Amino acid sequence: MSLTREQLAQQIVDAGRFLYGRGWSPATSSNYSTRLSASEALLTVSGKHKGQLGVDDVLATDLAGNSLEPGKKPSAETLLHTQLYSWRPEIGAVLHTHSVNATVLSRLTPQDFIEFEDYELQKAFSGISTHESRVRVPIFDNDQDIARLAAKVQPWLDAHPDCVGYLIRGHGLYTWGAQMNDALRQIEAFEFLFECELKTRSVMNRQG
Ligand SMILES: CSCCC(=O)C(=O)COP(=O)(O)O
Ligand SMILES: [Zn+2]
């Protein structure tokens, strides 16, 4: 059963309260969206505190990132959402967060990816059924030119149809799912894995 625009807007508001509460979307950082139709997304407006969103703090865009609601300013990172909806028709929700662990881990990693292996929690990602798998998470350098950043993300997505999320260095995480609950589950899984990775690196550094 498909949800109404009001229900989808409420999902975005609720996601903001949850993610802000966990410390993963501080202040006005982050942006969230759901698919409205085959050719439209419902996205957070730019610059709002994500723990204090109301149902009017969202707007419809087309999949080229154009606002369909004059007077409302879409997220500065709209294109990073709409490119995902264009990439895979089964994606129904996209979340972008700015946690401390995503920020620190992406800055500490000189390579252009992180790989998770042998963690049971990898099974929280869509399409993964065993810890005996490798989840490769690409890291793209931050760029204030979002169209240019999206153009760097696209070839990776096209070459890795099973990609479950990506990091932007010193900035944050993008992940997605068929529905909002799937995207939220993947955010939690990523945050768990980021923390494990940072703790492991810290212990290994102390051991020399
Ligand atoms: C204060 S965070 C800087 C912008 C950003 O990275 C972000 O996620 C929020 O931007 P938006 O335009 O979606 O509010
Ligand atoms: Zn951001």
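**Entry 1: ground rules.** I am working with a predicted model, in which local features need pLDDT of at least 70 and side-chain atom pairs count only at pLDDT 80 or more, while totals for chains, interfaces and linings use all residues. Residues are numbered from 1 along each chain as its sequence is written, chains are lettered from A and ligands numbered from 1 in the order in which they are written, and side-chain values use heavy atoms, with hydrogens and water left out.

**Entry 2: ligand 1.** I looked up the surroundings of ligand 1 and noted 13 residues, the closest being S46, G47, S75, A76 and E77; a residue counts as near if one of its heavy atoms lies within 4 Å. By class I noted one nonpolar, ten polar and two charged residues in this shell (Ala, Val, Leu, Ile, Met, Phe, Trp, Tyr, Cys and Pro count as nonpolar, Asp, Glu, Lys and Arg as charged, and the others, Gly among them, as polar).

I then went through atom pairs, and found an oxygen atom of ligand 1 at 2.9 Å from a polar backbone atom of S30, and an oxygen atom of the ligand at 2.9 Å from a backbone N or O atom of A76. For E77, a side-chain N or O atom is 2.8 Å from an oxygen atom of ligand 1. Taken alone, ligand 1 exposes 400 Å², and the protein buries 73% of that (areas by the Shrake-Rupley method with a 1.4 Å probe).

**Entry 3: the zinc ion.** Which residues coordinate the zinc ion (ligand 2)? I found H96, H98 and H171, each through NE2, at 2.1 to 2.2 Å, where donors are N, O and S atoms within 2.8 Å of the metal (3.2 Å for Na, K and Ca), and the site may look incomplete since water is not among the atoms. Along the sequence these donors are spaced H-x1-H-x72-H. H98 lies in the loop between β4 (93-97) and α3 (100-108) and H171 in the loop between β7 (165-168) and β8, so this pair ties together parts that are 73 residues apart in sequence; helices (H or I, at least four residues) and strands (E, at least two) are DSSP runs, numbered from the N terminus.

**Entry 4: pockets.** On a 1 Å grid over the protein atoms alone, a pocket is an open set of points where a 1.4 Å probe fits, with protein on both sides within 12 Å along at least five of seven lines, and lining residues have an atom within 4 Å of a point. The largest pocket is lined by 19 residues, with S126, P161, D162, C163 and V164 nearest its centre. β6 gives the most to this lining, with three residues.

Conventions
A polar contact is a pair of N or O atoms within 3.5 Å; within protein, one must be able to donate a hydrogen and the other to accept it, and residues adjacent in sequence count only if both atoms are side-chain atoms.
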